[in-house]
Amino acid sequence: MWLNLFIICTLGFSAAAVDAIAGGGGLISLPALLLVGVPPHLALGTNKFSASMASLNSSITFARSGKVHLPLVKWQIPFTLIGALLGAWAVLRVSSEFLSKAVLVLILFVGIYTLLHKNLGMENKFKGLDPLHIFVGCLFALALGFYDGFFGPGTGSFLIFSFIALFGFDFVVASANSKVLNFTSNVASLLLFACNGKILLSYGIPMALFMILGSQVGTRLAIKRGAKLVKPIFLVMSLLVAAKLIYQYL
C-alpha cells in the first residue's frame, strides 16, 4: 500500500508539473494508477479527480499572475462546459474509432507545424477582441469541450495551439487560458465518474495533494521562464500523445 502510494504520488507530482506547463500530464498519471493495479474504469475516474484538483490550482495561480485573458475566457467557459457535457453524453452512444484516427493526424500536424515555425508563440501578438473573435473563440471552446468529454487525448495541446493560432497569444498566456478551459471540461467528466462511483478516494486524495504541489511548481516555472520553457515541453508532449495513439493502433 505504501509503495503504491509512493509511486502514484511521485508520478502524479511529475505529471501535474508537466501538465501545468504544456498539457499532456495524463500520459504519466493514468499509467501510474494502472501500474499499481487500479482497474481501468477506476483509474480513469481517480485520475480525473486528481488531475481536476491540480488543474484548478494551476488555473487560480495563472489567473493571479495576470496570465489568463479573462475578457475572452469568461465567454468560453460556459461553451466549454456545454461541449463537454454533450461529449460525455455522446461517448456512450457513438464509436470513438473514427475520432481517434482524426486526432492522430491533427496532433501530428500541431507538433510538426510548431517544430517548423520557430517563432510561433514566442511573443504575445494579441491585438484585442471584437465580436467575431469572441464568436470564433466560443465555437472552438464548444468543439474542444465536446472533444475532451468524448475522447480526450491531446486536448491541452489543441487548446494551446488554438489560442496561439487564432488570437496570437504567446505560449504562456495560451497555456494559462487553456488550463482554465481544460478544468471546465474536466468538471463534466468528473461529475459523470463521481455519480457512477468510479473514483477511488484512498488513492485519489493523496495523489491529488501531490498533483496540486506539482501544478504549483509547473505553473510558477512557466510564468518565470516564459515561452522558452513552455514551447519545447509543449512540442514533446504533443508528439508523445501522437506516439501513444500510434501504439494503440499497433
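Student: Where does Trp 89 lie?

Tutor: This is a predicted model, and in it Trp 89 is part of helix H4.

Student: Is Trp 89 buried or exposed?

Tutor: Trp 89 is exposed, as its relative accessible area is 51% and the cut-off for exposed is over 50%.

Student: And how far apart in space are Trp 89 and Phe 150?

Tutor: Their C-alpha atoms are 7.8 Å apart, although 61 residues separate Trp 89 and Phe 150 in sequence.

Student: Let's zoom out. How many helices and strands does the protein chain have?

Tutor: There are ten helices and zero strands. Read from the N terminus, the order of elements is α-α-α-α-α-α-α-α-α-α.

Student: What share of the residues is buried?

Tutor: Buried residues are 50% of the 250 in the chain. As for contacts with a separation of 6 or more, 84% of them join residues 24 or more positions apart.

Student: Nice. Now the inside: which residues touch the most other members of the largest nonpolar core?

Tutor: That core has 37 residues, and the ones touching the most other members are Phe 163, Phe 169, Phe 171, Val 230 and Phe 234. Elements that give two or more residues to this core include helix H1 (2-22), helix H4 (70-91), helix H8 (171-195) and helix H10 (227-249). Apart from it there is another core of 14 residues, including Leu 30, Val 36, Val 38 and Tyr 203.

Student: Back to Phe 234. What is it in contact with, leaving aside neighbours within four places in sequence?

Tutor: Phe 234 is in contact with Ala 22, Val 110, Thr 114, Ser 157, Ile 160, Phe 161 and Phe 171.

Student: Switching to charges: how many salt bridges does a search of the whole structure find?

Tutor: The search finds one. Asp 19 pairs with Lys 179, and their closest N and O atoms are 2.5 Å apart. This pair links distant parts of the chain, since Asp 19 sits in helix H1 and Lys 179 in helix H8, 160 residues apart.

Student: Are Asp 19 and Lys 179 buried or exposed?

Tutor: Asp 19 and Lys 179 are both buried.

Student: What about Asn 47: buried or exposed?

Tutor: Asn 47 counts as buried because its relative accessibility is 11%, and buried means under 20%. Asn 47 lies in helix H3 (residues 40-64). Not counting residues up to four places away in sequence, Asn 47 touches Ser 29, Leu 30 and Leu 33.

Student: Last stop, the surface. Which residues form a nonpolar patch there?

Tutor: Leu 132, Phe 135, Val 136, Leu 139 and Leu 166 form it, with about 460 Å² of accessible area together. H6 supplies the largest share of the patch, four residues.

Student: How accessible is Val 136?

Tutor: Val 136, in helix H6, has a relative accessible area of 31%, so Val 136 is partly exposed.

Terms used: Residues are numbered from 1 along each chain as its sequence is written. This is a predicted model: local features need pLDDT of at least 70, side-chain atom pairs count only at pLDDT 80 or more; totals for chains, interfaces and linings use all residues. Side-chain values use heavy atoms; hydrogens and water are left out. A nonpolar core is a set of buried Ala, Val, Leu, Ile, Met, Phe, Trp, Tyr and Cys residues joined through side-chain atoms within 4.5 Å. Buried means under 20% relative accessible area, exposed over 50%, partly exposed in between (1.4 Å probe, protein chains only). Contact means heavy atoms within 4.5 Å. A salt bridge is a side-chain nitrogen of Lys or Arg within 4 Å of a carboxyl oxygen of Asp or Glu. Patches are made of residues with over 30% relative accessible area and no salt bridge: like charges are joined within 9 Å, nonpolar side chains (Val, Leu, Ile, Met, Phe, Trp, Tyr) within 5 Å. Accessible areas come from the Shrake-Rupley method with a 1.4 Å probe; for residues, only the protein chains shown count as cover.
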